[in-house]
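Please take a careful look at the fold shown below, and keep it in view while we walk through some of its parts.

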Amino acid sequence: MMKGKQGKYRGGLWLAAVLMLISLLAGCGGNNNASPSAAEATAGNAAAASPEAAATTEPAAEAVTVKLQLKWVPQAQFAGYFLAQDKGYYAAEGLKVEILPGGPDIVPEQQVAGGSADIGVDWVASLLTSQEQEMPLVQIAQIFQKSGLVLVSKKEAGITTPGELKGKKVGNWMGGNEFEILALFDKYKLDSGKDLNFTKQGFTMDQFLGGELDAASAMTYNEYQVVLESGIKAEDLSVIDMNDEGVAMLEDNLFANKEWLEGNKETAAKFVRASLKGWADAIADPEAAVDSVMKLAEAGSTTREHQLTMMTEVAKLIQPEGFDAAKLGYTDAAAFQQTADIALKFGVIKTASKVEGAYTNEIVEMAAK
């Protein structure tokens, strides 16, 4: 009687072991840490039924590389891209983004047209020039909705309106940065060669601070802040804003190689979506944005305080007061046309730009879906 029970017990153990082995074989999918999902189980069953299907199952797709060429060295002007990288927004879109720093000898349009980068950042006037030279480029997003260029003067210079620039020494960096200023002169019927001394300005504010210039060009997010950081108070300065004067030109944009874009619209849309998400976060949390910037800024080249102020000012250009945040990245037709008109009037381009083909909102619209 006891023996019979043991035999039955052993037989039960054997049967249980077989059932357990079958269960393990059916459930094993290369992941011993979790039970298979319904989708995984279905895929596993299909593979078991068809060895050929199992043999041809493709691995997860590799991240798509996108190279972004900046206009200048790492600073808060580009914080949205650095933050998108740090927060994993590009990776979440299946992208591996390489952010390439710019500099005085790097022309983003040339880098993108030549294939060294896929997407670039520059001012719209520069893009228009490159398009006229038949570089295969198209704007896919407009990041700065307002111009950051101003003319700054000390109140003692007596320049409270543009008309009072007459007889004064006015500086600009030239090299493509002067056209808004020329449009301002034209509006007030000032001849830059006769009515005033329009001169080349260095990339520091030393000439202005040293009294060599009556009025100097400055970006609201950079050089103007340098003047304030030097100890001069805002109330002791006069500022002429290109936006207020109606001669503003669009600045920081995103543009792509047309040939690359033709086969990579979805990739471009993913990049724009992640970038705009990065910019939205940078505007909401300047401190976090500057954390990302300072990781990449050359040691000793700037301070956290300067970059934080820059980020605050850049935010005002990307999302001006009253601007619909849902429209981040969109290119405004009227603003683009004004930029093209000024570019034509002052010889940036020789023939009127075919504006309808110079930019597209298609990629931003795809990114919004």
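In which sense do strand β1 and strand β2 pair, and over how many bridges? Strand β1 (residues 64-69) and strand β2 (residues 95-100) pair in the parallel sense over six bridges, where strands are DSSP runs of E with at least two residues, helices are runs of H or I with at least four residues, both numbered from the N terminus, and two strands pair if DSSP finds at least two bridges between them. Within this pairing, threonine 65 stands opposite lysine 96 in β2.

The model is predicted, with local features needing pLDDT of at least 70 and side-chain atom pairs counting only at pLDDT 80 or more, while totals for chains, interfaces and linings use all residues. Residues are numbered from 1 along each chain as its sequence is written, and side-chain values use heavy atoms, leaving out hydrogens and water.

The structure also holds six aromatic pairs, which are counted when the ring centres of Phe, Tyr or Trp (its six-membered ring) lie within 6.5 Å, with planes under 30 degrees apart called stacked, over 60 edge-to-face and the rest tilted. In one of them, the rings of tyrosine 81 and tryptophan 279 have centres 5.5 Å apart and planes at 80°, so the pair is edge-to-face. Because tyrosine 81 lies in helix α4 (residues 79-86) and tryptophan 279 in helix α12 (residues 265-284), this pair ties together parts that are 198 residues apart in sequence. Tyrosine 81 is buried, with a relative accessible area of 1%, and tryptophan 279 also counts as buried at 1%, where buried means under 20% relative accessible area, exposed over 50% and partly exposed in between, with a 1.4 Å probe and protein chains only.
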